[in-house]
Amino acid sequence: MKQVLVCWRDRKGQGTRAQAMWGSWGLRAVRARGWGPAGVRSAHRGTEPRRATAPEGKQSNRILLMTPWLFSDKGIIYFKYNNITFAYSDKMKNYRYAGMRLYSSSATVDPKEMKTFKALAYKWWDEQGAYAPLHSMNDLRVPFIRDNLLKMVTNHQLGSPLSGMKILDVGCGGGLLCEPLGRLGALVTGIDPLNENIKTAQQHKSFDPVLDKRIQYKACSLEDIVEETAETFDAVVASEVVEHVNDLETFIQCCCQVLKPGGSLFITTINKTQLSYALGIIFAEQIAGIVPKGTHTWEKFVSPEELESFLESNGLLVQTITGMLYNPFSGYWRWTENTSLNYAAHAIKSSAQVETEEHHTKVPGIDGQEASQK
Amino acid sequence: MAACARLTRALVVPGATLGGPGLRWLSRSVGPGQAVYDVVVAGGGMVGTAMACALGFGAWDHICNMRYKPFRRMQVWDACSEALITFDKDDLDDMGYIVENNVIMSALTKQLDAVTDQVEVVYRSKVISYTWPGPFFNEETSPWVQVTLADGCQIQTKLLIGADGQNSGVRRAAGIQNVSWPYNQSAVVATLHLSEPTDNNVAWQRFLPSGPIALLPLSDTMSSLVWSTSHEHAAELVSMEEENFLDAINSAFWSDASHTDFIDSAGSLMQYVFTLLQPTNSSARQLPPSVAKVEPKSRALFPLGMGHAVEYVRPRVALIGDAAHKVHPLAGQGVNMGFGDISSLVHHLSTAAFNGKDLGSLSHLAEYETERQRHNVSLIAATDLLKRLYSTTLSPLVLLRTWGLQATNAVPPLKEQIMAFASK
């Protein structure tokens, strides 16, 4: 597996600043203002990347000194242009579970999927960095959650549409999704098995007094908190998580247990199709080398039908399933009818009161065979 | 559903700007430690204050209660030929409004007073320095922009909006490159009394070889003068006796000294052609009013130039108004572009806030920049081109612009396009 070390200098050549990136240039990263990659060099896996320090008060000017040389493990120099693909985001999700083995054993968290995330924990909040696709996915996920939750309430406070709601973000990582939800007024609990992620998330939110009060983080897995938080959450968000859990059935059961009756479950994940294999595994891992080999297990991808059957068998009524598409050139996500790659699902926990007013606006997932041309 | 996300507070801090006290707009969230503001607007002239008011509208009502003058027609003509172009709306509706700077400032300040729970104004303050956040999230350093005032106050904010004029401190501190060149012209402004009261609803502009002179209606008896000319001539005009000043103005509007026979005949030939093609077109040429008096102490001058910032945004910084762009006053678009910036930025910020985004995030700021740069660059380029085109007396160019002006005058849809673009 290759780790890419990106170094650059500011205009005065005052020292270099380095950041280890998973080949995260993409076109978004290159557009980063005020700082930019000057050279690219790969380092071996064990190397802890040098921590970036910001110069005092000076904004470095954007200079792209492209020295496109990369040393592979075998010392061969070749040029690599790293592109961000669709599957990039789920690679990131993988990382959130790094170090699971150190924490505890759990039925749902897969210990195999974790190792290098510790080194990347601090990179969560670089918007043009490795996690850029996740940041831009917020443009879809946050309105998705916000609008579907607003449908449940009759009136909301202007300026704080989600105030009064308690939301659980399972596998929150660096808190990328917790913070926008917190800004919209919700009381958010973010859980993640990896200590480093929780630490990063906590540090990031501590600078904003408002968010500090609204969000709380806990380093644990979902099963650990099921008993004490049974039926307390208005919404549970499991974004880019279910394709990494070992036991999906148990996971969904736990989600259902912590939800209030009538509460919402939001899931975004990747479909199990030939297309997702081609783009997410072959292209991202083996050809472009963005995702380290072995990060993804295609077998663990979940198709919408499978997800739906699990949800319904656990008493969660599926309201919506819609596809999401990432454009690596613009760096933006958009909604689409096609669910053969990424998709989002919204389900409501049934209760005695909530009648089955099923807005079944589901889009059936496209079979792998038919999806190849998209 | 309107995107409504309330910023808890905005603070406006005066800096050194051309017009009025600077205002800084900060939004404070009360909490332990140093207060963090949502937005800081550095510098307040009309644009900075308007940005601060953008949370609540209603400033126009204040203006209506004071003074403003609608105009219905605009006549622009050349000193070197008979060509002219007129803009008006079909049914002679109000095309636009002329409002004095002071009136706008006063209205905006009144509006600010109405939103004191969200906007804090720090008058008479000056910014000493800005500290930008590092590119990477670091536990030690704050991710917010730090602003240090002259009185030692340190303010943190999530988004800094630079509205501090053409010599923007924010722009300089951020290291944003500014493409600019001087025009070697100064503009003389004055408030004039007309020789007789009239239904003053026409804006006049005449392109002299030394620069355009414009008369904009303020009321039925008063008009505002904007005369762009060379530095020496401008200094002369400002210091000369009132009588001579008035004579100069009147002759600038009426004199035929720059006409040449060749151009005159070429112009009338083209006019004849257009009349053949479109006999129903063309409004009559009107004569501008003559002026009788100058309002005492209203003469002033300021240098002209062109400026455009290469980037309008950086992470946690946005530039609006003259800090981002500076233009020749011949089209009267300078502050209008600033107001356009405000409305675009407010739109993007409110969408971002409704999505719970960090206000200083580059993603939506970059969209604001693209939208505004597209509009502003074309306008600045067109104004610069016009200025260069009209500052010469070389026959070929005069011929070109005479015919061009007549042609544009003869095509109403084109004029409508121009009006629509200018009023965006």
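Before counting anything, I settled what a contact is: heavy atoms within 4.5 Å. I also noted that this is a predicted model.

**Chain B overall.** I then looked up the secondary structure and found 11 helices and 20 strands in chain B. Chain B runs to 424 residues, and 54% of them count as buried. For the accessible surface of chain B I got about 18,300 Å², with 57% of that belonging to carbon and sulfur atoms.

**P143(B).** Next I went looking for one proline. P143(B) is in the loop of chain B between β9 (127-131) and β10 (145-149). Is P143(B) buried or exposed? It counts as buried, because its relative accessibility is 14% and the cut-off for buried is under 20%. I checked what P143(B) touches, leaving aside neighbours within four places in sequence, and wrote down F207(A), P133(B) and R316(B). I also took a C-alpha distance: P143(B) and R314(B) are 171 residues apart along the chain, and their C-alpha atoms are separated by 14 Å.

**Helix α10 of chain A.** Last, I turned to chain A and its helix α10, residues 248-258. My list of buried residues there reads L248(A), F251(A), I252(A), C254(A), C255(A), C256(A) and V258(A). What caps the N-terminal end of α10(A)? I found D247(A) doing that, with a side-chain oxygen 3.2 Å from the backbone nitrogen of E249(A).

Methods:
Residues numbered from 1 in each chain as written. Chains lettered and ligands numbered in written order. Predicted model: local features only at pLDDT ≥ 70, side-chain atom pairs only at ≥ 80, totals over all residues. Heavy atoms only, no water. Helix = DSSP H or I, 4+ residues; strand = E, 2+ residues; numbered from the N terminus. Buried < 20%, exposed > 50% of the residue type's maximum accessible area, 1.4 Å probe, protein only. Polar contact = N/O pair within 3.5 Å; in protein donor to acceptor, adjacent residues only side chain to side chain. Areas by Shrake-Rupley, 256 points an atom, 1.4 Å probe, with all protein chains shown as cover.
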